[in-house]
Amino acid sequence: MRHKFCLVEAENYLLHVYRYIELNSVRAEMVNTPSAYKYLSYQINGLGKVSDLCTPHALYLTIDHSAKGRKLAYRELFKDHVDGASLAEIRDATNKG
């Protein structure tokens, strides 16, 4: 499997990228919700699963002062799918590096 990476400079853009990545398995119709796909940080950030493989990003930690509030706020980000314009922008930025 090929993996791509690119630098995400704008902090407010990071959560959009999280949404894009976490919803890939839903867009691919592999699962109905990101919580159902075990290889995502959604289970850690949104549900509180403990893992040594994922360190919370500083921006994630600023979402709310409590762990419970952060998880709830993170899940709220996924109530809607990523719109077509945002998908195109993220894909374009990723492809151009």
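Buried residues (under 20% relative accessible area, with over 50% counted as exposed and the range in between as partly exposed; 1.4 Å probe, protein chains only) make up 28% of the 97 residues in the protein. This is a predicted model, in which local features need pLDDT of at least 70 and side-chain atom pairs count only at pLDDT 80 or more, while totals for chains, interfaces and linings use all residues. Residues are numbered from 1 along each chain as its sequence is written, and side-chain values use heavy atoms, with hydrogens and water left out.

**Overall architecture**

- The protein has six helices and zero strands; helices (H or I, at least four residues) and strands (E, at least two) are DSSP runs, numbered from the N terminus.
- Read from the N terminus, the order of elements is α-α-α-α-α-α.
- Of the contacts (heavy atoms within 4.5 Å) with a separation of 6 or more, 57% are between residues 24 or more positions apart.
- The accessible surface, from the Shrake-Rupley method with a 1.4 Å probe and, for residues, only the protein chains shown as cover, is about 7,000 Å². Carbon and sulfur atoms contribute 54% of that surface.

**Helix α5**

- In helix α5 (residues 67-76), the buried residues are G69, R70 and Y74.
- These residues lie on the same side of α5 because they cover an arc of only 130 degrees around the axis, the arc being that of the directions from the helix axis to the C-beta atoms.

**Aromatic pairs**

- The structure contains six aromatic pairs. Rings of Phe, Tyr and Trp (its six-membered ring) pair if their centres lie within 6.5 Å; planes under 30 degrees apart count as stacked, over 60 as edge-to-face and the rest as tilted.
- One of the pairs, Y42 with Y74, is tilted, at 5.9 Å centre to centre and 45 degrees between the planes.
- This pair links distant parts of the chain, with Y42 in helix α3 (residues 42-45) and Y74 in helix α5, 32 residues apart.
- Y42 is buried at a relative accessible area of 7%, and Y74 is buried at 0%.
- Y74 also forms a tilted pair with F78, at 5.1 Å centre to centre and 50 degrees between the planes; both residues are buried.
- Y18, Y42, Y60, Y74 and F78 are joined into a cluster by ring pairs.

**Salt bridge**

- The structure holds one salt bridge, defined as a side-chain nitrogen of Lys or Arg within 4 Å of a carboxyl oxygen of Asp or Glu.
- It is formed by the side chains of K79 and E76, at 3.5 Å from N to O.
- K79 is exposed, with a relative accessible area of 58%, whereas E76 is partly exposed, with 44%.
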